[in-house]
Amino acid sequence: MKIRKWFTKKEKKHVPNGPYEAMIKRPLDLVISGLALILLAPVMVVVALAVKIKLGSPIIFSQARPGLDGKVFRIFKFRTMKEERDCNGRMLPDEVRLTPFGKFLRATSLDELPELVNIIKGDMSLVGPRPLLPTYLPYYSEEENHRHDVLPGLTGYAQVHGRNTLSWDDKLKMDIKYVEHITFIGDLMIVLKTVLKVLAREGISSGTSVTMESFIDYAKNRGNSINQRDCSGIHD
């Protein structure tokens, strides 16, 4: 799937919030993610073998996600769901396909470890707004589009303040708040809080879904129709 950059002209261009964001954040991402890949390699091998045994192939789940400036990349995760379909060939709901083993991977965030490769490739950062789905792009407001002014993150400000239990409105506001206030201390605190959240296994589900409700349904309910934008540049 190819998605042309169709964002409406932004009111302002993102300006790095100091030398940390401008010169230090990316090199630090490379060093930390590289070391993490080396140190966590045995864990990733064990998880990969467990996925192979429990769920079969493929071991890695790959999906298109919008990154910096809305440019689409392939995100990598360990697979957590079975490829089960109904009699018409349609994929069964997530809550049916998600196994207890898959729930464990998500609760411990072990499924996210392959995203370290995305960080090294330059698709992602350690900290930033989480990459969502390309199908959400036409539904963002002008302000919400600014969440793509920076690289998406392995973790983020919204993830340590409620994760999937947040409303879409709160989640997107937190993303914008982060984009406008990136600092070393802020990123450090987010990473430390992420570790505590993972250990506590908080915010995995929204209460009505195994992950988070669709943003499209939320956007339609608030009257932000896809027809309000020129989406002619989006095609399969």
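# A tour of the predicted model

Select proline 58, which sits in the loop between α2 and β2 (60-66). This is a predicted model. Then step back to glycine 56. This glycine follows α2 and has a positive phi, near 85°.

**The whole chain**

Zoom out and colour by secondary structure. The protein chain has 8 helices and 6 strands. Starting at the N terminus, the order is β-α-α-β-β-α-α-α-β-β-α-α-α-β. Of the 236 residues in the protein chain, 44% are buried. Now show the surface. The protein chain exposes about 12,800 Å², and carbon and sulfur atoms supply 62% of that area.

**Helix α2**

Select residues 41-54, helix α2. How far apart are its end C-alpha atoms? They are 20 Å apart, in agreement with the 20 Å that 14 residues should span at 1.5 Å a residue. Next, show the side chains of Met44, Val47, Ala48 and Val51, the buried residues of α2. These four lie on the same side of α2, because they cover an arc of only 100° around the axis. The spacing fits a general rule. An α-helix has 3.6 residues a turn, so residues three or four places apart point the same way.

What covers this buried side? Display α1, β3 (72-78) and α4 (100-108), which are among the elements covering the buried residues of α2.

**A nonpolar patch**

Move to helix α1, residues 19-39, and pick leucine 35. Is leucine 35 buried or partly exposed? Its relative accessible area is 49%, so leucine 35 is partly exposed. With Leu35 they form a nonpolar patch on the surface, and together the patch has about 510 Å² of accessible area.

**Threonine 80**

Select threonine 80, in the loop between β3 and α3 (94-97). This threonine is buried, with a relative accessible area of 6%. What does threonine 80 touch, leaving out residues up to four places away in sequence? Show Leu55, Arg97, Leu98, Thr99, Gly102, Leu105, Arg106 and Asp111: these are its contacts. Now draw a distance to proline 100. The C-alpha atoms of threonine 80 and proline 100 are 9.1 Å apart, and the two residues are 20 apart in sequence.

**Salt bridges**

The whole structure holds 7 salt bridges. Begin with arginine 130 and glutamate 115, whose side chains pair at 2.7 Å, N to O. Arginine 130 lies in the loop between β4 (125-127) and β5 (153-155), and glutamate 115 in helix α5 (residues 115-121), so this bridge ties together parts 15 residues apart in sequence. Arginine 130 is buried, at a relative accessible area of 10%. Glutamate 115 is buried too, at 0%.

Go next to aspartate 175 and arginine 147, a salt bridge of 2.8 Å, N to O. Aspartate 175 belongs to helix α6 (residues 168-180), while arginine 147 is in the loop between β4 and β5, so the pair links parts 28 residues apart in sequence. Both aspartate 175 and arginine 147 are buried. Then select Lys77, Glu112, Glu115 and Arg130 together: salt bridges with shared partners join these residues into one network.

One more pair: aspartate 123 and lysine 121, bridged at 3.6 Å, N to O. Aspartate 123 counts as buried, at 16% relative accessibility. Lysine 121 counts as exposed, at 52%.

**Two positive phi angles**

Select aspartate 69, in the loop between β2 and β3. Its phi is near 60°, a positive value in a residue other than glycine. Aspartate 69 is partly exposed, with 31% relative accessibility.

End at serine 109, in the loop between α4 and α5. Phi of serine 109 is also positive, near 60°. Is serine 109 buried or exposed? Serine 109 is buried, with a relative accessible area of 15%.

How values were computed:
Residues are numbered from 1 along each chain as its sequence is written. This is a predicted model: local features need pLDDT of at least 70, side-chain atom pairs count only at pLDDT 80 or more; totals for chains, interfaces and linings use all residues. Side-chain values use heavy atoms; hydrogens and water are left out. Patches are made of residues with over 30% relative accessible area and no salt bridge: like charges are joined within 9 Å, nonpolar side chains (Val, Leu, Ile, Met, Phe, Trp, Tyr) within 5 Å. Accessible areas come from the Shrake-Rupley method with a 1.4 Å probe; for residues, only the protein chains shown count as cover. A salt bridge is a side-chain nitrogen of Lys or Arg within 4 Å of a carboxyl oxygen of Asp or Glu. Buried means under 20% relative accessible area, exposed over 50%, partly exposed in between (1.4 Å probe, protein chains only). The expected span of a helix is 1.5 Å times one less than its number of residues. The arc is that of the directions from the helix axis to the C-beta atoms. Contact means heavy atoms within 4.5 Å.
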